[in-house]
Structures are given as C-alpha cells and as structure tokens.
Amino acid sequence: MLLGVSIIVFFMVRAIPGDPAQILLGQTATQEQVHQLRVQMGLDKPVPIQYLLFLKDAVRGDLGTSIVTGRPVTEELLVRLPATLELTMFAMFIAVLVGVPVGVISAVKQYSLLDKTTSVLALTGISMPIFWLAMILIVIFGVNLELLPFPGRLGTDTTITAITGFVLVDSLLTLNFSAFWEGILYLIMPAIALGTTAMAVVVRMTRSSMLEVMGEDYVRTARAKGVVPWRVVFKHALRNAMLPTVTVIGLQVGLLMGGSVITETIFSWPGVGQIAYESIYRRDYAMIQGVVLYAAALFVLINLLVDVLYAVLDPRVRY
Amino acid sequence: MAETQVQQDTSAASGVKTRSRREDFVRAFFSNRLALFGGIAISIFILMAIFAPLVAPYDPLAQNLTEKFAGPSLAHPFGQDELGRDILSRIIYGARISLTAGLAAVAVATVVGTIVGLVAGYLGRWPDSLLMRIMDVLLAFPSILLAIVIVSILGPSLPNAMLAIGIVFIPQIARVVRSAVISVRERDYIEAERALGAGDVQIVFSGVLPNSMAPLIVQATLTLATAILDIAALSFLGLGARAPSPEWGAMLTDAFHSGYGVFVEGQHAIIFPGIAIALCVLSVNFVGDGLRDAMDPRRRG
C-alpha cells in the first residue's frame, strides 16, 4: 500500500513543471552550473532509476535533502512534527469530547428541539470553510474580545526549554505553569478551527449509530430487565454504537492533516502543514515527497490503530 | 396463455408500486422542511448567478480606493472590500464562478467515477480488483493534499483546481456506483435482458445504470457541497481562482492577504463572502440529506 503511494507520489512530484536546479540557482546561473547541480542531485538519471535510488534511501529513513533549507527532509519533518501533532491531537480531543456526548444526547432525545438544533448545527459545521472559520474566530476572540492570543504557539517573549517539542509537555516538565497556560490559550483558536468539521462528523455518526443500536433487541432486553436508563445508554448502547464512530474518527484524522495545511498557514503555526504549503510554492521536490509520504504513512498507521480499537471494543473481533 | 397473464399481472403490479414509490419519494422530500429550504436557497443562488449583470448593483471589479473597507451602508449593503469594491456585487458575480467550478468538478468525478464503478461492478474479478485497488490508493491521501499535488503539477489556475477536485472525488462515486451495480447485477430483469440477447454495453445502459441512479444522485449532491468548499480552500492556498476574480474563496484570500487591518476595520469583508459559501454549501447538504432520507424508507422521519 505504502509502496504504491510512494510510487505515485514520486512520479507526480517529478511531473511538477520547473527545473529545481534552475530554481535553486536562480536566473543568472550558467548552463554549466545548472548541469553540474543536476548531476549532483541525481536529476540527470532516468526517472525510474531516480525512484529506485529514492526508495533505497527511504527505507533507511533518508528522504533526501530539502533544496530550500539544505537540511535533511527527515530532520525537517521531525522538528515540525510535534507542533502539528499537538494541534491535531488537541483538535481531535475537543471534537470527541464534545461530539460524542452531544451525539448521544441527540439520539436519546430524538426529534426534540435539542436534537433538531444540533442536527442543523452539525451540518453547518460541515458546511463552513475552515479558513473562514479561522478568520471569524480571529475577528471575534482575537481582535474584538481580545480573549485569545495569536499567531503562533507562544508569545514572542515566552521561552521554554525544548525537550519533546510539545509546548504543553515541555512546559509541564520544566514546571513552567504560566507557559503551559499560555500554550493552551494559543492552541484554542487553531484547534477549534481545525476540529469543528471533525466534531460535526462525530456528532452525526454517533447520533445515527446510537439510534440504530437503541432499536436492537439487547437494548430492549436490558430495558425490560429494569436496568437504569443511563446504564442502558452508556453500558449497552454506547459501547456498540462506538464501532462506526471510531472508524469515522480515524478517517477524520486524515482530513485533519489536510486541514492543518490551511489552519497552520492562517495561524503561522510552525508545523508540517505550513511547510507543505511552502515547499509546494518553492518546488522543493524532496520536501513535498516527504510531507505527502508522511501524511499517507500516518493515515495507514491510524487505520491500523482503528482496527486494533475495534478488537478492544468488540470482543468478537480477534486478530 | 396462463403464463402471459401472470406476467402481465406482475408487471402491472410493479408499475403501480414504482409510481407510488415515486410519489412517496416526492412527498417525503417536500415534507422535509430543511430540504425544501435548501432547494429554495440553491434556486436563489442559481438565479443570482445567471442574472448577475441585472441583479448586481455595481461592477464587481470597479475599485474605489478612497472607500477602502467602508462598512455596510444603504448604498453598499455588505460594505466595501480592501480595494473599495462593492462586496454584494462581488458575491453575486462570485456565485457564477463558485457554482460552475463546483458543478464542473462534480461532473468530472461523476462521469469518470460512474464509468469506473460500472466496469468494476459489472465485470467483477480482476478488473474489479485492479480498479478498486487504484481507488484505494487514491483514497489513501487526504483529499485536499492530493488536490494540492495535482494542481501543482498542472499549474495553479481555477480550471485545474476544478479538475483536481474532480479527480479527488472519483473514488467515492466509483465505490457507490460499484456497490449499486453489484446489488442489481444478478436481478431477474438483468437476467431477462441477457436472455433476450442484449449485449453487455446495452445491459449496462438500459438495465444496470438506471437502477443504480438513486445512490449516485445522492452521492453527487453531497460531493457538490464538498467540492465547493475544497475549491474555495484551493483558492485560499493560491492554487485556484486568483485576484481580482470575485470567486468566494478568492475574496476571502485577498482580504486575508491585505494585512492585519482586515481583522480590525474590514471585518465585513471577511464575514459576508464566508456566509455566502457556508449558506450555499449548507443548502446543498440539506438537499443531499433530504434526497437520501427520501430515497431510503427506513430513514424517513
């Protein structure tokens, strides 16, 4: 799977017009210089050979060198990964924390005013462009109310010792609680902008699978036995309803990575999404390849995780 | 003789059944107030797009630098943008671009996706596995990332953005069509056509495709909503419509890139184009949801 993705990515990136050697050296470079650099970068070899060389290095964790920053792509990605992971996880955390309970309540009180309102709100959440939501958040909470800070991960005069690269973890490790709090404040707007779509999808999925499960015989049996209503909902229904929801959450993480390109650009968040955007602008072959491969790999990994979670939630599934 | 009689009876019975099903469908769709609202809103957007020159009060490109970020007033209900252009007029003209772009992307996805789904579902065996593997690989990319890569290859422009979004949505359409085809492939009426000597192509177009239409239409409608959003997102990344185009995503992009001032004094330049996108996409989603619920008797409220 990943191999197929890597082949496609490699050839697609090669198809991007513009000679990277020429771009790197600028318009003033002589033919000679350009040729020399092309040889040095391996661009003079046939594309299939280039791919095999790339694959040989890739399995050893070497994704090539960014032609813009001159640093190894792997290193560049690793430096930026914590920022993106922190943002994505926080966004997902909000999405699940709000989405699942709202979906459950909606299903339990089906057709109530509350249910109808949340259904419309959830659909609205799916229908909003992320970058607009981000800008509206900045307008309301950043500028008009001056409640939340932006852009970036921390204020310019706050410094923390980088250990893991996660602002929240590092500040706790160094017992810097004011930086921890500041980190959270900086996270809120980008995380809401990024997580709203996922939240809406989680609400819709939880609601519909809860409704399905609530009609099952075992739920009716539990009710008939006289199990307390909240216990029926949480113990009998929710556990079974979580299966499709978990799948959807897994898929959403993939979408979040796409959304992070936009969110990180708006909030100047120094993560993988931001560099994805920049590398495309600068025809940084190695970097684009690295970013897309990383995204695809993460996607595959998350699907694997979802399968494992399935086994935890459903004892009938065994690997 | 007796056999013919029976056959006529069943066909008459099924004829009645389809008609009532269609009636049911129409009634279910129109009794859904949200779907109705969506349908009306979409119609307004479409009319607005068609008659833009008649409806728009100003030229969407006419600048008036002295009135930069002038707020909403009677003369300019939605205010003016970073170059003093009338935002209402730009939104009206933008409906043309955003709707056409969305429809074009969906057309690409639907045509190619339907062909892939039909071939895979109807032929089965290795063509099926091969095509679906390819679709799986396409699905392995986060959609907007794939679109970004495709647009960078083709070069950034609105038509290429439409094409890229179209390509990205092929797998979803293909999957829906394939599963619909598989579910009708072995039905008796297909068998009957084959017995009457119809070729594969004829069977596909007269028997399989029409009976796979319902899920296809629902999927295409829901795809349209996402396509409009994604095209706006590509414009935001500088890979779709460019200034001075009044495409809705581009309007927001231009406002955003005009500097920090837009967040302070030009807030209406952010709010209104975004509402246009959200309202349009929301309406399409209402219609899509309404169609799906109306077609599936189990989901009728």
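**Close-up views of chain A**

**View 1. A patch of positive charge on the surface is formed by Lys225(A), Arg231(A), Lys235(A) and Arg239(A).** The model is predicted: local features need pLDDT of at least 70, side-chain atom pairs count only at pLDDT 80 or more, and totals for chains, interfaces and linings use all residues. Residues are numbered from 1 along each chain as its sequence is written, chains are lettered from A and ligands numbered from 1 in the order in which they are written, and side-chain values use heavy atoms, with hydrogens and water left out. Patch residues have over 30% relative accessible area and no salt bridge, and like charges are joined within 9 Å; a salt bridge places a side-chain nitrogen of Lys or Arg within 4 Å of a carboxyl oxygen of Asp or Glu. Helix H11 (residues 229-266) of chain A gives the most to this patch, with three residues; helices are DSSP runs (H or I, at least four residues) numbered from the N terminus. Arg239(A) lies in helix H11 and counts as partly exposed because its relative accessibility is 42%. Partly exposed lies between buried (under 20% relative accessible area) and exposed (over 50%), with a 1.4 Å probe and protein chains only.

**View 2. Tyr111(A) occupies the loop between helix H5 (73-108) and helix H6 (113-127) of chain A.** Its phi is near 70°, a positive value in a residue other than glycine. With 48% relative accessibility, Tyr111(A) counts as partly exposed.

**View 3. Ser268(A) is found in the loop between H11 and helix H12 (272-281) of chain A.** Phi of Ser268(A), a residue other than glycine, is positive, near 45°. Ser268(A) has 37% relative accessibility and therefore counts as partly exposed.

Technical notes. Patch = residues over 30% accessible without salt bridge, like charges linked within 9 Å, V, L, I, M, F, W, Y side chains within 5 Å. Areas by Shrake-Rupley, 256 points an atom, 1.4 Å probe, with all protein chains shown as cover. Lys, Arg positive; Asp, Glu negative; His and termini not counted. Charge placed at Lys NZ, Arg CZ, Asp CG, Glu CD. Helix = DSSP H or I, 4+ residues; strand = E, 2+ residues; numbered from the N terminus.
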